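Let us work through a model together, one question at a time. Please look over the sequence and the structure before the discussion begins.

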Amino acid sequence: MTQTEHYILPDIPEYHRIDVYESNGGYAAFRKALGMKPDEVTDEVKKSNLRGRGGACFPTGLKWTFMPKTSDKPKYLAVNGDESEPGTFKDRQIFEQNPHQLIEGILIGCYAMGITVAYVYIRGEYGKWIKMLQAAVDAAYEKGYIGKNILGSGFSTEIYLHKGAGAYICGEESSLMNSIEGERGYPRIKPPFPAQRGLWGCPTTINNVETMTNVPLIITKGWEWYSKIGNVKHPGPILVGISGHVNKPGVYEVPTGVPLLELIHTYAGGIPGDKKLKAVIPGGSSTMILRADQLDGVCMDADSLKAAGSSVGTAGLIVMDEETDLIRILSRLAKFYHHESCGQCTPCREGTGWLHKVLERFEHHQAKTEDIDLLLDIANNIEGNTICALGDAAAWPVQSMVRRFRGEFEKCLAPASH
Amino acid sequence: MLNEENLKKIEEIGKRYPEAKAALLPALWIAQEQDGWISEETMKQIGDLLGLPYGHVLGVVTFYTMFNSKPLGTYHIEVCTNASCQLRGSDKILRKVEHVCSAGAGHTSPDGKWTVNEVECMGACGGAPMIAIGEEYYENLTPDKVEEILRKLP
Ligand SMILES: Cc1cc2nc3c(=O)[nH]c(=O)nc-3n(C[C@H](O)[C@H](O)[C@H](O)COP(=O)(O)O)c2cc1C
Ligand code: SF4
Ligand code: FES
């Protein structure tokens, strides 16, 4: 097994308590950042090569440089804890085990970008975890890490939690901003990008919870140290959520670049009943499915998964054994995307419903040969033709499944068409 | 209708945002915590409070699946049937819940005790299959365990 220390989910009892966090060096990174120039902080994050953990692997430091340096309007940070992509359950672990490192990362980000208010958007179902994070925020306020003139530095910032109410689409960054503003969660057309016109028309940065939790490490230990963890182009510790047919499902912290087969067989204890592996969805339901025979040497990092024909996404690895009825899984995912489509774009609204309907025909062995190409047709018509990436997210699983598992569809044709 | 204490709470929360409208989701949550659901009168009251037309409030309530515009049973049972849970037998869990509660998914039992819903991924895929009862998550379930959990509820 790849040896690794844990930096995001350290094995220290009661680490969620502020006193325990502080006695293990917590909030030292924020103090250090306050002694640096804001641009130096951003530069450090940029050089570290930290890439967003929310799904798109976007370079975090670069994103921060998009924020205007001076602005006559307030600037905002929105931290994305919507975590609703099927197969994804890692940010919840941060709220539970290491909320102060998240808060510290948020404070450092606010300082670097000159932001005075941060909102942490958390899915409504996480009521219990919202309370855990709120308790940590309250403790940090009490100790003077958040609020006015923090630690006598002259820098002030507030952190507020905002509870979602059951809508996957609100994880999409522009929809998330509408949701905070008290609107329905409709994605906005881009441009303008959030750094130009975000919350209430003001410059805004959106980053994932896990992304922000990485930031204090970079400030404490330096970009050089950080950039050497795991894969060079996509470095750092990463939380991999492993679910499905494995003996020990759960969240595992590893350096990027660990082989998927090692994650499945070593970390997650292999497949129950010693069954064979059939397929994996490597990074949450929106990433392309891979056949077991496509996994040799494939690792959990952006380049490796891209070369294999998929992506890291949220690193939510869904494992499926040889007996899995893939058509049923795909049909269930199509139902999900149809249910979660906000309905603004016709290709997404109509296409997702249609995909689900056609897939149900396969599920019930009532499909015709032409239906296989029909699925591809519908998916191709959605992809790239919508306001937000939910449309693509609905199309990719279907496209990849038809290309890589055509036989599964052929097995589900109506008897007459054989 | 929101009570005095909760009206004050909403006013306090409003200070976190530069515009009154942003307090809408928090206000709806407070209303739902008070009554278990959000009535038309309460929606109008919140609209008046935040300076929003009733139509906007209603539009928001109906957009988000967690806001209830009708009362639910005493216990709200949510069964995740998305991919990771499906792979680990959520079908059987749902059938068991429906049987024990005498209510099909999307319905409330005749005695008003249970409301059963089939839901999308709850972010607990590592503990699949799972259900939630109110805010509490129950993970790594079997049909027998589910039955035991439900039967213990008063
Ligand atoms: C439909 C949809 C759902 C998304 N859900 C989430 C989510 O739950 N959490 C998240 O961090 N990013 C989510 N994203 C990605 C965000 O739009 C955004 O890229 C991300 O929060 C940026 O953070 P990062 O740069 O730190 O990764 C979603 C995107 C789409 C299109
Ligand atoms: S792609 Fe789908 S979810 Fe995104 S804006 Fe269009 S209809 Fe809404
Ligand atoms: S699929 Fe059921 S909790 Fe994620």
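**Confidence, interface and ligand**

Student: What pLDDT does chain B average?

Tutor: This is a predicted model, in which local features need pLDDT of at least 70, side-chain atom pairs count only at pLDDT 80 or more, and totals for chains, interfaces and linings use all residues. Residues are numbered from 1 along each chain as its sequence is written, chains are lettered from A and ligands numbered from 1 in the order written, and side-chain values use heavy atoms, leaving out hydrogens and water. In chain B, 100% of the residues score at least 70 on pLDDT (the predictor's confidence in each residue, from 0 to 100), and the average is 98.

Student: How far apart do the C-alpha centres of domain 1 and domain 2 of chain B lie?

Tutor: Chain B is divided into domain 1 (4-63) and domain 2 (75-152), with bounds that come from an automatic or database domain assignment. The C-alpha centres of these two domains of chain B are separated by 30 Å.

Student: Which three residues supply 17% of the area that chain B buries against chain A?

Tutor: Chain B and chain A bury about 4000 Å² between them, 54% of it on carbon and sulfur atoms, where buried area is the accessible area (1.4 Å probe) that two parts lose on being put together, summed over both. The residues of chain B that supply this 17%, more than any other three, are Phe63(B), Leu87(B) and Glu135(B).

Student: How many charged residues does the shell around ligand 2 have?

Tutor: Of the 13 residues around ligand 2, those that come nearest include Cys342(A) and Thr386(A), near meaning a heavy atom within 4 Å. By class, the shell around ligand 2 has 8 nonpolar and 5 polar residues, with Ala, Val, Leu, Ile, Met, Phe, Trp, Tyr, Cys and Pro counted as nonpolar, Asp, Glu, Lys and Arg as charged, and the others, Gly among them, as polar. The number of charged residues in the shell around ligand 2 is therefore, under this definition, none.
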